[in-house]
Amino acid sequence: MASKSARTRAGRKSNGFDDAIPVVHLKDIHKSYGDLEVIKGVELKARAGEVVTLIGSSGSGKSTLLRCANLLEVPQSGEIIFDGNPVHWKVKGSERVPADMNEVRLVRTNLSMVFQQFNLWSHLTILENVTEAPITVLGRSKMEAEQTGRKYLEKVGIVEKCDAYPAQLSGGQQQRAAIARALAMEPHAMLFDEPTSALDPELEAEVVQVIKKLAAEGRTMILVTHDMKLAQDVANHVVFLHQGVIEEQGNPSEVFGNTKSKRLIQFLSATVTA
Ligand SMILES: Nc1ncnc2c1ncn2[C@@H]1O[C@H](COP(=O)(O)OP(=O)(O)O)[C@@H](O)[C@H]1O
Ligand SMILES: [Mg+2]
């Protein structure tokens, strides 16, 4: 438990925001694609320094929920509240869209996402990948962005690859570069969408290690993962999503040690033997 309270303290110190207010708060989110309702009224909170892990079968809506959190998708109803500030909406045709692009920018720049497929720019070096958004979006000077970029490449253990191109790196190194790129925005929270799923087991371990280090530092994170050991090890709070609904949630020892829902029992036994 000591590490968890240290984590919260670290979160407070680095975040500088009122901890009573969640960094990310999704309220009664509903998201449909045509007639298919994918998210059916989900509430999710990540407080400063907290790691929330999101687990569930393929197709249960995990990626959609993360994409709603950073406004890559717009939910038809429900609220997205970031650092206590709700996103405002307007109606455009038959759809709801964000009313103020400044709010969208604020959410996107402060909520960095790490994707399963890394999504690095193949024509840019690793250092250029990491400095691109701080220069173009945050207006940092090249020198400052490079200094910060190297710091985070160092943190994920690949600073020696800064002049290489993504294709010259292993999958694990590419994902660590993608994590450094997310960190270089110095966001208030990070979203990870199955960051280790595209990796061979031996490369998975090096990315898991980085994620654990970030969790121990007190970073606010929402992590979608198929890796139940990781979900258990790093989480303050675990959420099990089933067909667009939260079927069970709680602290890791409750969710994994004293599982209540039949569906989660089934899911866990299937993943363990998979
Ligand atoms: N852009 C889209 N258009 C239509 N259906 C989608 C789209 N994105 C996701 N879906 C559907 O929404 C459901 C949830 O998908 P997703 O959020 O990717 O689940 P998960 O990440 O848990 O595997 C799936 O049935 C998927 O086919
Ligand atoms: Mg997904």
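This briefing describes a sheet, a ligand shell, a helix and a core in one structure. The structure is a predicted model, in which local features need pLDDT of at least 70, side-chain atom pairs count only at pLDDT 80 or more, and totals for chains, interfaces and linings use all residues. Residues are numbered from 1 along each chain as its sequence is written, while chains are lettered from A and ligands numbered from 1 in the order in which they are written. Helices (H or I, at least four residues) and strands (E, at least two) are DSSP runs, numbered from the N terminus.

**The six-stranded sheet**

- An open sheet of six strands, with mixed pairing, has the order β8-β9-β10-β3-β11-β12, where two strands pair if DSSP finds at least two bridges between them.
- Because β8 (111–114) and β12 (245–250) stand at the edges and have a single partner strand each, one side of each is left without a neighbour in the sheet.
- β8 is joined by four bridges to β9 (residues 189–193), and the two run parallel, with L111 standing opposite A189 in β9.
- Helix α6 (residues 171–183) lies across β8 and β9 and runs at about 175 degrees to β8; axes here are lines fitted to C-alpha atoms, for helices over the stretch in contact, and angles run from 0 to 180 degrees between N-to-C directions.

**The shell around ligand 1 and helix α2**

- The residues around ligand 1, meaning those whose C-beta atom, placed from the backbone, lies within 6 Å of it, include Y33, L36, V38, K62, S63 and T64.
- The elements that give two or more residues to this shell are β2 (36–46) and α2 (62–69), and the largest share, three residues, comes from α2.
- Seven of the eight residues of α2 are buried, so this helix is largely enclosed by the rest of the structure; a residue is buried if 20 or more other C-beta atoms lie within 10 Å of its own, with C-beta atoms placed from the backbone.
- Among the buried residues of α2 are K62, L66 and A69, and just after the helix L71 takes a positive phi of about 65 degrees.

**The nonpolar core**

- The largest nonpolar core has 68 residues, and those with the most contacts inside it are A69, I211 and I222; such a core is a set of buried Ala, Val, Leu, Ile, Met, Phe, Trp, Tyr and Cys residues joined through C-beta atoms within 7 Å.
- Leaving aside its neighbours within four places in sequence, I222 is in contact (C-beta atoms, placed from the backbone, within 7 Å) with V24, A46, V52, L54, L66, A69 and L191.

Technical notes: A residue is buried if 20 or more other C-beta atoms lie within 10 Å of its own, exposed if 12 or fewer, and partly exposed in between; C-beta atoms are placed from the backbone. Two residues are in contact if their C-beta atoms, placed from the backbone, lie within 7 Å.
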